[in-house]
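The entries follow below the display.

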Amino acid sequence: QILILDFGSQYTQLIARRVRELNVYCEIHPFNKIPPITPDIKGIILSGSPCSVRDEGSPDLDLDQYRGKLPILGVCYGAQLMAQKYGGNVAPSEIREYGRANLSHLDMHSALFKELTHGSQVWMSHGDTIKELPVGFDIIASTPSVRIAAYKVEGEDTFGIQFHPEVTHSLEGKNLLRNFVVQICDCSQDWTSDVFIDITIDELKQTLGDDKVVMGLSGGVDSSVAATLIHRAIGENLTCVFVDNGLLRKSEFEEVLESYKGLGLNVIGVDAKAKFYAALAGISDPEGKRKAIGRTFIEVFDEEASKITGVKWLGQGTIYPDVIESVSVNGPSATIKSHHNVGGLPDFMKLKVVEPLKTLFKDGVREVGRALEIPENIIGRHPFPGPGLAIRILGDITPEKVQTLQEVDAIFIQGLRDHGLYDEVWQAGAILLPVQSVGVMGDERTYERVVALRAVSSVDGMTADWVHLPYEFLGKVSNDIINKVKGVNRVVYDISSKPPATIEWE
Ligand code: XMP
(Lines give C-alpha, C1' and ligand atoms only; values in the text may rest on other atoms or scores of the structure.)
Protein backbone atom coordinates (compact mmCIF):
# COMPACT_ATOMS: atom_id res chain seq x y z
CA GLN A 1 0.00 0.00 0.00
CA ILE A 2 0.88 3.67 -0.28
CA LEU A 3 0.96 5.91 2.78
CA ILE A 4 -0.29 9.45 2.20
CA LEU A 5 0.82 11.93 4.84
CA ASP A 6 -1.60 14.81 5.14
CA PHE A 7 -0.49 18.38 5.77
CA GLY A 8 -4.05 19.68 5.48
CA SER A 9 -4.48 20.24 1.74
CA GLN A 10 -7.98 20.34 0.31
CA TYR A 11 -6.69 17.90 -2.34
CA THR A 12 -5.37 15.14 -0.04
CA GLN A 13 -8.48 13.01 -0.44
CA LEU A 14 -8.19 13.37 -4.20
CA ILE A 15 -4.66 11.93 -4.12
CA ALA A 16 -6.06 8.90 -2.30
CA ARG A 17 -8.87 8.50 -4.81
CA ARG A 18 -6.48 8.63 -7.75
CA VAL A 19 -4.22 5.99 -6.18
CA ARG A 20 -7.24 3.79 -5.49
CA GLU A 21 -8.35 4.25 -9.10
CA LEU A 22 -5.06 2.59 -10.02
CA ASN A 23 -6.26 -0.43 -7.98
CA VAL A 24 -3.61 0.23 -5.37
CA TYR A 25 -4.63 0.46 -1.73
CA CYS A 26 -3.60 3.59 0.18
CA GLU A 27 -4.36 5.29 3.45
CA ILE A 28 -4.26 8.92 4.57
CA HIS A 29 -2.70 9.70 7.94
CA PRO A 30 -2.01 13.09 9.55
CA PHE A 31 1.68 14.07 9.35
CA ASN A 32 1.90 14.04 13.14
CA LYS A 33 0.26 10.65 13.67
CA ILE A 34 2.17 8.36 11.33
CA PRO A 35 1.53 4.63 11.78
CA PRO A 36 4.50 2.24 12.09
CA ILE A 37 6.11 1.45 8.74
CA THR A 38 5.26 -2.17 7.94
CA PRO A 39 6.68 -4.15 4.99
CA ASP A 40 3.44 -3.75 3.02
CA ILE A 41 4.00 0.03 2.78
CA LYS A 42 5.76 0.54 -0.54
CA GLY A 43 5.96 4.30 -0.78
CA ILE A 44 5.01 7.64 0.75
CA ILE A 45 3.24 10.66 -0.74
CA LEU A 46 3.49 13.98 1.11
CA SER A 47 0.43 16.16 0.50
CA GLY A 48 0.08 19.88 -0.05
CA SER A 49 -0.97 22.29 2.69
CA PRO A 50 -2.59 25.68 3.17
CA CYS A 51 0.44 26.57 5.36
CA SER A 52 3.78 28.01 4.27
CA VAL A 53 7.01 26.17 5.12
CA ARG A 54 8.41 29.60 6.00
CA ASP A 55 5.99 30.06 8.88
CA GLU A 56 6.91 29.35 12.46
CA GLY A 57 5.25 26.11 13.63
CA SER A 58 4.13 24.98 10.17
CA PRO A 59 3.70 21.21 9.77
CA ASP A 60 7.00 19.37 9.84
CA LEU A 61 8.23 15.83 10.17
CA ASP A 62 11.41 13.81 10.44
CA LEU A 63 12.02 12.52 6.92
CA ASP A 64 15.44 10.97 7.58
CA GLN A 65 13.77 7.81 8.81
CA TYR A 66 12.17 7.28 5.34
CA ARG A 67 14.56 8.88 2.85
CA GLY A 68 16.46 6.34 0.80
CA LYS A 69 14.48 3.49 2.37
CA LEU A 70 11.13 4.08 0.69
CA PRO A 71 10.21 6.04 -2.44
CA ILE A 72 8.85 9.47 -1.52
CA LEU A 73 6.80 11.87 -3.65
CA GLY A 74 6.33 15.36 -2.21
CA VAL A 75 3.44 17.29 -3.76
CA CYS A 76 3.50 21.12 -3.52
CA TYR A 77 4.01 21.80 0.23
CA GLY A 78 5.54 18.30 0.52
CA ALA A 79 8.08 19.22 -2.16
CA GLN A 80 8.81 22.59 -0.57
CA LEU A 81 9.23 21.03 2.87
CA MET A 82 11.89 18.60 1.65
CA ALA A 83 13.69 21.32 -0.30
CA GLN A 84 13.75 23.64 2.70
CA LYS A 85 14.72 20.99 5.29
CA TYR A 86 17.77 19.83 3.41
CA GLY A 87 19.29 23.24 2.75
CA GLY A 88 17.34 24.70 -0.17
CA ASN A 89 15.50 27.99 -0.25
CA VAL A 90 11.73 28.53 -0.42
CA ALA A 91 10.40 32.07 -0.92
CA PRO A 92 7.11 33.76 -1.77
CA SER A 93 6.35 33.57 -5.50
CA GLU A 94 6.86 36.85 -7.34
CA ILE A 95 4.03 36.10 -9.75
CA ARG A 96 0.82 34.33 -8.98
CA GLU A 97 1.11 30.64 -9.72
CA TYR A 98 -2.46 29.41 -9.80
CA GLY A 99 -4.12 27.45 -12.56
CA ARG A 100 -2.86 25.90 -15.77
CA ALA A 101 0.82 25.67 -16.69
CA ASN A 102 2.74 23.57 -19.18
CA LEU A 103 5.75 21.45 -18.32
CA SER A 104 8.77 22.43 -20.38
CA HIS A 105 12.26 20.97 -20.00
CA LEU A 106 10.87 17.65 -18.92
CA ASP A 107 13.57 15.10 -18.09
CA MET A 108 12.27 12.25 -20.18
CA HIS A 109 14.74 9.82 -18.60
CA SER A 110 13.06 10.19 -15.24
CA ALA A 111 10.90 7.20 -14.33
CA LEU A 112 8.35 9.68 -12.97
CA PHE A 113 7.67 11.06 -16.45
CA LYS A 114 7.56 7.81 -18.42
CA GLU A 115 5.13 8.24 -21.34
CA LEU A 116 4.30 11.84 -20.42
CA THR A 117 4.41 14.36 -23.25
CA HIS A 118 6.54 17.49 -23.48
CA GLY A 119 4.41 20.56 -22.73
CA SER A 120 2.00 18.48 -20.65
CA GLN A 121 -0.63 20.64 -18.91
CA VAL A 122 -0.44 20.65 -15.11
CA TRP A 123 -2.34 22.51 -12.36
CA MET A 124 -0.48 24.88 -10.07
CA SER A 125 -1.79 26.28 -6.81
CA HIS A 126 0.89 27.73 -4.59
CA GLY A 127 1.96 31.00 -3.02
CA ASP A 128 5.55 29.92 -2.28
CA THR A 129 8.13 28.74 -4.77
CA ILE A 130 11.38 26.77 -4.48
CA LYS A 131 14.23 29.17 -5.37
CA GLU A 132 17.23 26.94 -4.66
CA LEU A 133 17.52 23.18 -4.30
CA PRO A 134 19.73 21.45 -1.74
CA VAL A 135 22.97 19.81 -2.91
CA GLY A 136 22.21 16.49 -4.58
CA PHE A 137 18.71 17.54 -5.68
CA ASP A 138 18.31 17.86 -9.49
CA ILE A 139 15.65 19.75 -11.45
CA ILE A 140 13.67 17.34 -13.66
CA ALA A 141 10.95 19.70 -14.92
CA SER A 142 10.24 23.42 -15.29
CA THR A 143 7.39 25.55 -16.60
CA PRO A 144 7.80 28.93 -18.30
CA SER A 145 7.31 30.68 -14.93
CA VAL A 146 8.48 28.05 -12.40
CA ARG A 147 12.11 26.98 -12.78
CA ILE A 148 11.91 24.20 -10.18
CA ALA A 149 8.59 22.51 -11.04
CA ALA A 150 9.93 19.03 -10.19
CA TYR A 151 13.10 17.56 -8.71
CA LYS A 152 14.72 14.23 -7.92
CA VAL A 153 17.29 13.41 -5.24
CA GLU A 154 20.38 11.72 -6.64
CA GLY A 155 20.71 8.05 -5.70
CA GLU A 156 17.24 7.92 -4.10
CA ASP A 157 13.66 7.51 -5.30
CA THR A 158 12.77 10.80 -3.64
CA PHE A 159 10.85 13.27 -5.81
CA GLY A 160 9.23 16.65 -5.35
CA ILE A 161 6.66 18.21 -7.66
CA GLN A 162 5.29 21.72 -7.39
CA PHE A 163 2.05 20.98 -9.29
CA HIS A 164 -0.94 18.83 -8.35
CA PRO A 165 -1.10 15.56 -10.34
CA GLU A 166 -4.28 14.54 -8.50
CA VAL A 167 -6.57 17.18 -10.06
CA THR A 168 -8.12 16.48 -13.42
CA HIS A 169 -6.72 19.72 -14.87
CA SER A 170 -3.28 18.08 -14.69
CA LEU A 171 -4.06 16.17 -17.85
CA GLU A 172 -1.42 13.47 -17.45
CA GLY A 173 -1.45 13.55 -13.65
CA LYS A 174 -2.82 10.05 -13.42
CA ASN A 175 0.04 8.71 -15.58
CA LEU A 176 2.51 10.44 -13.30
CA LEU A 177 0.91 8.90 -10.21
CA ARG A 178 0.88 5.51 -11.96
CA ASN A 179 4.60 5.88 -12.71
CA PHE A 180 5.29 6.63 -9.06
CA VAL A 181 3.04 4.02 -7.52
CA VAL A 182 3.52 1.16 -10.00
CA GLN A 183 6.98 1.68 -11.57
CA ILE A 184 8.85 3.32 -8.73
CA CYS A 185 7.12 1.90 -5.63
CA ASP A 186 6.46 -1.46 -7.32
CA CYS A 187 2.90 -1.75 -6.02
CA SER A 188 0.84 -4.43 -7.75
CA GLN A 189 -2.47 -3.20 -9.10
CA ASP A 190 -4.53 -5.97 -7.59
CA TRP A 191 -6.70 -4.03 -5.15
CA THR A 192 -10.03 -4.60 -6.90
CA SER A 193 -13.61 -4.78 -5.68
CA ASP A 194 -13.47 -8.58 -5.73
CA VAL A 195 -10.38 -8.64 -3.54
CA PHE A 196 -11.96 -6.11 -1.19
CA ILE A 197 -15.10 -8.23 -0.96
CA ASP A 198 -13.19 -11.47 -0.21
CA ILE A 199 -10.97 -9.86 2.42
CA THR A 200 -13.85 -7.99 4.06
CA ILE A 201 -16.10 -11.03 4.28
CA ASP A 202 -13.26 -13.04 5.87
CA GLU A 203 -12.57 -10.28 8.37
CA LEU A 204 -16.27 -9.94 9.22
CA LYS A 205 -16.52 -13.70 9.82
CA GLN A 206 -13.54 -13.55 12.17
CA THR A 207 -14.74 -10.48 14.05
CA LEU A 208 -18.40 -11.39 14.34
CA GLY A 209 -18.23 -15.17 14.76
CA ASP A 210 -21.70 -16.30 15.82
CA ASP A 211 -22.70 -12.88 17.17
CA LYS A 212 -25.89 -11.15 16.10
CA VAL A 213 -25.86 -7.80 14.31
CA VAL A 214 -28.63 -5.24 13.86
CA MET A 215 -28.49 -2.54 11.25
CA GLY A 216 -30.67 0.34 10.11
CA LEU A 217 -31.17 0.58 6.34
CA SER A 218 -32.02 3.83 4.59
CA GLY A 219 -32.52 2.69 1.02
CA GLY A 220 -29.27 4.47 0.14
CA VAL A 221 -26.14 3.00 -1.38
CA ASP A 222 -23.88 2.87 1.68
CA SER A 223 -26.14 1.08 4.14
CA SER A 224 -27.33 -1.34 1.42
CA VAL A 225 -23.79 -2.35 0.43
CA ALA A 226 -22.64 -2.60 4.06
CA ALA A 227 -25.62 -4.80 4.94
CA THR A 228 -25.03 -7.06 1.94
CA LEU A 229 -21.39 -7.62 2.94
CA ILE A 230 -22.33 -8.42 6.54
CA HIS A 231 -25.06 -10.73 5.31
CA ARG A 232 -22.61 -12.61 3.08
CA ALA A 233 -20.42 -13.09 6.16
CA ILE A 234 -22.96 -14.07 8.84
CA GLY A 235 -26.25 -14.75 7.01
CA GLU A 236 -29.33 -14.85 9.20
CA ASN A 237 -27.48 -13.45 12.21
CA LEU A 238 -27.94 -10.04 10.59
CA THR A 239 -31.28 -8.34 11.12
CA CYS A 240 -31.97 -5.13 9.23
CA VAL A 241 -34.49 -2.48 10.18
CA PHE A 242 -35.95 -0.21 7.52
CA VAL A 243 -38.15 2.53 8.94
CA ASP A 244 -40.90 4.26 6.99
CA ASN A 245 -40.72 7.73 8.51
CA GLY A 246 -43.47 9.02 6.22
CA LEU A 247 -40.94 11.32 4.56
CA LEU A 248 -39.71 9.02 1.82
CA ARG A 249 -40.44 9.36 -1.87
CA LYS A 250 -43.69 7.99 -3.27
CA SER A 251 -43.78 4.15 -3.07
CA GLU A 252 -40.12 4.10 -2.06
CA PHE A 253 -40.66 2.11 1.13
CA GLU A 254 -42.41 -0.75 -0.67
CA GLU A 255 -40.04 -0.78 -3.65
CA VAL A 256 -36.85 -0.70 -1.60
CA LEU A 257 -38.18 -3.34 0.79
CA GLU A 258 -38.80 -5.58 -2.22
CA SER A 259 -35.24 -5.03 -3.48
CA TYR A 260 -33.83 -5.88 -0.05
CA LYS A 261 -35.84 -9.06 0.13
CA GLY A 262 -34.54 -9.91 -3.37
CA LEU A 263 -31.03 -9.63 -1.95
CA GLY A 264 -31.90 -12.21 0.68
CA LEU A 265 -31.63 -9.74 3.54
CA ASN A 266 -33.69 -10.32 6.64
CA VAL A 267 -35.43 -6.95 6.84
CA ILE A 268 -38.02 -5.73 9.29
CA GLY A 269 -40.05 -2.95 7.68
CA VAL A 270 -41.48 -0.63 10.32
CA ASP A 271 -44.36 1.69 9.53
CA ALA A 272 -43.67 4.58 11.91
CA LYS A 273 -45.28 7.32 9.80
CA ALA A 274 -47.73 8.36 12.51
CA LYS A 275 -44.97 8.68 15.15
CA PHE A 276 -42.89 10.93 12.91
CA TYR A 277 -45.84 13.12 11.89
CA ALA A 278 -46.77 13.50 15.57
CA ALA A 279 -43.20 14.46 16.50
CA LEU A 280 -43.08 16.99 13.66
CA ALA A 281 -46.47 18.61 14.24
CA GLY A 282 -46.23 22.38 14.39
CA ILE A 283 -42.43 22.53 13.90
CA SER A 284 -41.29 24.90 11.11
CA ASP A 285 -37.66 25.47 12.01
CA PRO A 286 -35.35 23.31 9.83
CA GLU A 287 -33.04 22.30 12.67
CA GLY A 288 -36.05 21.63 14.90
CA LYS A 289 -37.38 19.24 12.25
CA ARG A 290 -34.03 17.49 11.96
CA LYS A 291 -33.85 17.03 15.72
CA ALA A 292 -37.40 15.70 15.99
CA ILE A 293 -36.74 13.23 13.18
CA GLY A 294 -33.40 12.10 14.64
CA ARG A 295 -34.93 11.58 18.07
CA THR A 296 -37.90 9.66 16.73
CA PHE A 297 -35.68 7.47 14.57
CA ILE A 298 -33.59 6.45 17.58
CA GLU A 299 -36.73 5.63 19.57
CA VAL A 300 -38.21 3.52 16.78
CA PHE A 301 -34.93 1.80 15.98
CA ASP A 302 -34.18 1.05 19.61
CA GLU A 303 -37.60 -0.46 20.11
CA GLU A 304 -37.06 -2.81 17.16
CA ALA A 305 -33.46 -3.65 18.11
CA SER A 306 -34.45 -4.54 21.65
CA LYS A 307 -36.82 -7.19 20.27
CA ILE A 308 -33.86 -9.13 18.88
CA THR A 309 -32.41 -11.24 21.65
CA GLY A 310 -28.67 -11.37 22.23
CA VAL A 311 -27.70 -8.76 19.65
CA LYS A 312 -24.12 -7.53 20.19
CA TRP A 313 -23.27 -5.35 17.18
CA LEU A 314 -24.62 -2.36 15.30
CA GLY A 315 -23.79 -2.35 11.58
CA GLN A 316 -23.15 1.04 9.98
CA GLY A 317 -22.54 2.25 6.43
CA THR A 318 -19.83 4.76 7.40
CA ILE A 319 -17.47 5.53 4.49
CA TYR A 320 -13.88 6.78 4.33
CA PRO A 321 -14.48 10.54 3.96
CA ASP A 322 -16.40 10.37 7.28
CA VAL A 323 -13.47 8.95 9.22
CA ILE A 324 -10.38 10.56 7.75
CA GLU A 325 -8.64 12.61 10.35
CA SER A 326 -7.81 15.85 8.68
CA VAL A 327 -5.05 18.19 9.77
CA SER A 328 -6.31 21.47 11.17
CA VAL A 329 -5.32 24.43 9.04
CA ASN A 330 -5.39 26.70 12.05
CA GLY A 331 -2.40 25.30 13.83
CA PRO A 332 -0.48 22.20 14.71
CA SER A 333 -3.05 20.98 17.21
CA ALA A 334 -4.58 18.69 14.55
CA THR A 335 -8.28 18.62 15.23
CA ILE A 336 -10.38 15.75 13.96
CA LYS A 337 -13.34 16.31 11.69
CA SER A 338 -16.36 15.07 13.52
CA HIS A 339 -19.16 13.50 11.58
CA HIS A 340 -22.56 12.34 12.62
CA ASN A 341 -21.83 8.72 11.63
CA VAL A 342 -18.60 8.45 13.57
CA GLY A 343 -19.12 7.29 17.10
CA GLY A 344 -22.78 8.00 16.39
CA LEU A 345 -23.87 5.26 18.76
CA PRO A 346 -26.53 6.45 21.18
CA ASP A 347 -25.37 5.87 24.77
CA PHE A 348 -28.27 3.69 25.66
CA MET A 349 -27.54 1.18 22.96
CA LYS A 350 -24.61 -0.71 24.36
CA LEU A 351 -23.58 -2.25 21.08
CA LYS A 352 -20.21 -2.52 19.38
CA VAL A 353 -20.01 -0.94 15.94
CA VAL A 354 -19.08 -2.75 12.75
CA GLU A 355 -18.39 -0.60 9.68
CA PRO A 356 -17.25 -2.67 6.68
CA LEU A 357 -17.03 0.29 4.26
CA LYS A 358 -14.97 2.64 6.32
CA THR A 359 -11.96 2.42 3.99
CA LEU A 360 -13.90 3.19 0.80
CA PHE A 361 -14.85 6.32 -1.09
CA LYS A 362 -18.35 6.63 -2.54
CA ASP A 363 -17.32 5.50 -6.02
CA GLY A 364 -15.58 2.49 -4.45
CA VAL A 365 -18.78 1.65 -2.56
CA ARG A 366 -20.71 1.73 -5.84
CA GLU A 367 -18.16 -0.57 -7.51
CA VAL A 368 -18.35 -3.03 -4.63
CA GLY A 369 -22.15 -2.85 -4.76
CA ARG A 370 -22.13 -3.68 -8.46
CA ALA A 371 -19.69 -6.55 -7.89
CA LEU A 372 -22.11 -7.84 -5.22
CA GLU A 373 -24.86 -7.64 -7.87
CA ILE A 374 -27.00 -5.25 -5.87
CA PRO A 375 -29.67 -3.93 -8.26
CA GLU A 376 -28.99 -0.70 -10.12
CA ASN A 377 -32.11 0.94 -8.62
CA ILE A 378 -30.22 0.96 -5.31
CA ILE A 379 -26.63 1.48 -6.52
CA GLY A 380 -27.33 4.24 -9.02
CA ARG A 381 -29.84 6.20 -6.98
CA HIS A 382 -29.40 9.87 -6.22
CA PRO A 383 -28.42 10.83 -2.66
CA PHE A 384 -31.44 11.53 -0.49
CA PRO A 385 -31.23 13.36 2.85
CA GLY A 386 -31.93 11.49 6.08
CA PRO A 387 -34.74 13.90 7.07
CA GLY A 388 -36.25 13.24 3.64
CA LEU A 389 -39.09 15.37 2.34
CA ALA A 390 -39.36 17.19 5.69
CA ILE A 391 -36.56 19.54 4.61
CA ARG A 392 -38.15 20.00 1.20
CA ILE A 393 -41.44 21.21 2.66
CA LEU A 394 -40.80 24.74 3.86
CA GLY A 395 -42.74 25.37 7.04
CA ASP A 396 -44.53 22.78 9.13
CA ILE A 397 -45.17 19.21 8.02
CA THR A 398 -48.57 17.63 7.50
CA PRO A 399 -49.38 14.28 5.86
CA GLU A 400 -51.29 16.18 3.13
CA LYS A 401 -48.28 18.32 2.26
CA VAL A 402 -46.08 15.22 2.15
CA GLN A 403 -48.51 13.53 -0.20
CA THR A 404 -48.65 16.57 -2.51
CA LEU A 405 -44.86 16.75 -2.65
CA GLN A 406 -44.54 13.00 -3.22
CA GLU A 407 -46.78 13.31 -6.30
CA VAL A 408 -44.79 16.27 -7.68
CA ASP A 409 -41.45 14.62 -6.96
CA ALA A 410 -42.55 11.34 -8.57
CA ILE A 411 -43.53 13.12 -11.82
CA PHE A 412 -40.20 14.98 -11.92
CA ILE A 413 -38.02 11.95 -11.15
CA GLN A 414 -39.92 9.64 -13.52
CA GLY A 415 -39.63 12.37 -16.16
CA LEU A 416 -35.84 12.45 -15.69
CA ARG A 417 -35.73 8.67 -16.10
CA ASP A 418 -38.01 8.63 -19.16
CA HIS A 419 -35.89 11.28 -20.88
CA GLY A 420 -32.57 9.59 -20.08
CA LEU A 421 -31.59 12.46 -17.80
CA TYR A 422 -31.57 10.72 -14.41
CA ASP A 423 -27.94 9.59 -14.60
CA GLU A 424 -26.84 13.01 -15.93
CA VAL A 425 -27.94 14.57 -12.66
CA TRP A 426 -26.23 14.10 -9.28
CA GLN A 427 -29.30 14.88 -7.21
CA ALA A 428 -32.80 16.09 -8.01
CA GLY A 429 -36.02 16.75 -6.18
CA ALA A 430 -38.94 19.06 -5.67
CA ILE A 431 -39.59 21.62 -2.95
CA LEU A 432 -43.01 22.63 -1.66
CA LEU A 433 -42.97 26.37 -1.01
CA PRO A 434 -45.05 28.11 1.67
CA VAL A 435 -46.43 30.39 -1.02
CA GLN A 436 -49.75 30.46 -2.83
CA SER A 437 -50.28 32.21 -6.11
CA VAL A 438 -53.18 33.05 -8.38
CA GLY A 439 -53.85 30.97 -11.45
CA VAL A 440 -56.65 30.18 -13.84
CA MET A 441 -57.89 26.71 -14.73
CA GLY A 442 -60.82 26.56 -17.15
CA ASP A 443 -63.06 29.41 -16.10
CA GLU A 444 -62.00 29.12 -12.49
CA ARG A 445 -59.65 31.37 -10.60
CA THR A 446 -57.27 29.27 -8.49
CA TYR A 447 -55.17 30.19 -5.49
CA GLU A 448 -52.78 27.30 -4.99
CA ARG A 449 -49.28 26.23 -4.07
CA VAL A 450 -45.97 26.83 -5.82
CA VAL A 451 -43.36 24.08 -6.17
CA ALA A 452 -39.71 24.49 -7.09
CA LEU A 453 -37.73 21.87 -8.99
CA ARG A 454 -34.03 21.43 -8.29
CA ALA A 455 -31.47 19.36 -10.22
CA VAL A 456 -27.75 19.71 -9.55
CA SER A 457 -24.45 18.38 -10.79
CA SER A 458 -21.81 17.69 -8.15
CA VAL A 459 -19.05 15.30 -7.18
CA ASP A 460 -19.44 15.16 -3.44
CA GLY A 461 -22.26 17.55 -2.53
CA MET A 462 -19.77 20.11 -1.19
CA THR A 463 -20.14 22.29 -4.26
CA ALA A 464 -22.85 22.00 -6.89
CA ASP A 465 -24.15 23.66 -10.01
CA TRP A 466 -27.69 23.69 -11.34
CA VAL A 467 -28.21 21.44 -14.34
CA HIS A 468 -29.25 23.05 -17.63
CA LEU A 469 -32.19 20.73 -18.20
CA PRO A 470 -33.76 21.16 -21.66
CA TYR A 471 -36.57 23.75 -21.78
CA GLU A 472 -38.84 21.25 -23.54
CA PHE A 473 -38.34 18.79 -20.70
CA LEU A 474 -38.98 21.42 -18.01
CA GLY A 475 -42.07 22.57 -19.92
CA LYS A 476 -43.49 19.06 -20.10
CA VAL A 477 -42.81 18.28 -16.44
CA SER A 478 -44.32 21.59 -15.34
CA ASN A 479 -47.43 20.87 -17.40
CA ASP A 480 -47.76 17.34 -16.03
CA ILE A 481 -47.39 18.53 -12.44
CA ILE A 482 -49.98 21.28 -12.72
CA ASN A 483 -52.44 19.03 -14.55
CA LYS A 484 -52.04 16.03 -12.29
CA VAL A 485 -51.31 17.29 -8.79
CA LYS A 486 -54.23 18.84 -7.02
CA GLY A 487 -53.39 22.02 -5.14
CA VAL A 488 -50.38 23.07 -7.27
CA ASN A 489 -50.77 25.71 -9.96
CA ARG A 490 -47.22 26.99 -10.49
CA VAL A 491 -43.78 25.43 -11.03
CA VAL A 492 -40.43 27.23 -10.89
CA TYR A 493 -36.90 25.94 -11.56
CA ASP A 494 -34.07 26.70 -9.13
CA ILE A 495 -31.00 28.09 -10.92
CA SER A 496 -28.73 28.71 -7.93
CA SER A 497 -25.33 27.12 -7.47
CA LYS A 498 -23.73 26.00 -4.21
CA PRO A 499 -22.14 28.16 -2.90
CA PRO A 500 -23.74 30.59 -2.25
CA ALA A 501 -26.99 28.59 -2.08
CA THR A 502 -27.13 25.04 -0.72
CA ILE A 503 -28.58 22.01 -2.47
CA GLU A 504 -31.51 21.64 -0.08
CA TRP A 505 -33.66 24.67 0.70
CA GLU A 506 -33.54 23.98 4.43
P1 XMP B 1 -26.78 20.99 1.33
O2 XMP B 1 -28.22 21.34 1.37
O3 XMP B 1 -26.07 21.23 2.63
O4 XMP B 1 -26.72 19.41 1.10
O5 XMP B 1 -26.06 21.63 0.16
C6 XMP B 1 -25.58 18.67 0.74
C7 XMP B 1 -25.97 17.21 0.67
O8 XMP B 1 -26.32 16.74 1.97
C9 XMP B 1 -27.67 16.28 1.99
N10 XMP B 1 -28.25 16.73 3.26
C11 XMP B 1 -28.47 15.91 4.31
N12 XMP B 1 -28.30 14.59 4.46
N13 XMP B 1 -29.13 14.72 6.66
C14 XMP B 1 -28.62 13.98 5.64
O15 XMP B 1 -28.49 12.76 5.77
C16 XMP B 1 -29.35 16.06 6.60
O17 XMP B 1 -29.82 16.68 7.55
C18 XMP B 1 -29.01 16.68 5.35
N19 XMP B 1 -29.07 17.97 4.91
C20 XMP B 1 -28.60 17.96 3.62
C21 XMP B 1 -28.32 16.92 0.77
O22 XMP B 1 -29.43 16.15 0.32
C23 XMP B 1 -27.18 16.93 -0.22
O24 XMP B 1 -27.00 15.67 -0.83
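**Entry 1: the mixed sheet.** I looked up the open sheet of 7 strands and found the order β2-β1-β3-β4-β9-β8-β7, with mixed pairing. β2 (26-30) and β7 (137-141) are at its edges, each with a single partner strand, so one side of each has no neighbour in the sheet. From one strand to the next, the twist averages 20°. I take strands (E, at least two residues) and helices (H or I, at least four) as DSSP runs, numbered from the N terminus. Two strands count as paired if DSSP finds at least two bridges between them. I note for reference that strands of a sheet pair through backbone hydrogen bonds, parallel or antiparallel.

The model is a predicted one: local features need pLDDT of at least 70, side-chain atom pairs count only at pLDDT 80 or more, and totals for chains, interfaces and linings use all residues. Residues are numbered from 1 along each chain as its sequence is written.

F137 stands opposite V153 in β8. I then checked helix α2 (residues 77-85), which lies across β3 (43-46), β4 (72-75), β7 and β9, at about 110° to β4. Such angles run from 0 to 180 degrees between N-to-C directions, with axes fitted to C-alpha atoms, for helices over the stretch in contact.

**Entry 2: the annotated active site.** Which residues does the UniProt annotation "active site" cover? The unreviewed entry gives C76, H164 and E166. They span 91 residues in sequence, yet no two of their C-alpha atoms are more than 11.3 Å apart, so they gather at one spot. I keep in mind that UniProt positions are in the numbering used here, that feature names are shortened, and that annotations may be inferred rather than shown by experiment.

H164 lies in the loop between β9 (158-161) and α3 (173-184), and the place of E166 is likewise in the loop between β9 and α3. Are they buried or exposed? H164 is buried, with 22 other C-beta atoms within 10 Å; E166 is buried, with 25. The cut-offs are 20 or more other C-beta atoms within 10 Å for buried, 12 or fewer for exposed, and partly exposed in between, with C-beta atoms placed from the backbone.

Not counting residues up to four places away in sequence, H164 touches Y11, G48, V75, C76, W123, S125 and S170. With the same exclusion, E166 touches Y11, L14, I15, R18 and G173. Contact here means C-beta atoms, placed from the backbone, within 7 Å.

**Entry 3: the parallel sheet.** I next looked up an open sheet of 5 strands, whose order is β12-β11-β10-β13-β14, with parallel pairing. Its edge strands, β12 (267-271) and β14 (352-354), each pair on one side only. The twist averages 30° from one strand to the next.

Strand β11 (residues 238-244) pairs with β12 in the parallel sense over 5 bridges, and V241 has I268 as its bridge partner in β12. Helix α8 (residues 286-305) packs on the sheet, touching β10, β11, β12 and β13, and its direction makes about 145° with that of β11. α5 lies across β10, β11, β13 (311-315) and β14, at about 160° to β10.

**Entry 4: the annotated binding site.** For "binding site", the unreviewed UniProt entry lists S218, G219, G220, V221, D222, S223 and S224. S218 is in the loop between β10 (212-217) and α5, whereas S223 lies in helix α5. With 19 C-beta neighbours inside 10 Å, S218 counts as partly exposed; S223, with 21, counts as buried.

Beyond four places in sequence, S218 touches S223 and G386. On that basis, S223 touches G216, L217, S218 and G317.

The domain assignment, which is automatic or from a database, gives domain 1 (2-184), domain 2 (193-379) and domain 3 (398-493). The centres of domain 2 and domain 3, taken over C-alpha atoms, are separated by 29 Å. I found 5 residues of domain 2 in contact with 6 residues of domain 3.

Methods: Contact = placed C-beta atoms within 7 Å.
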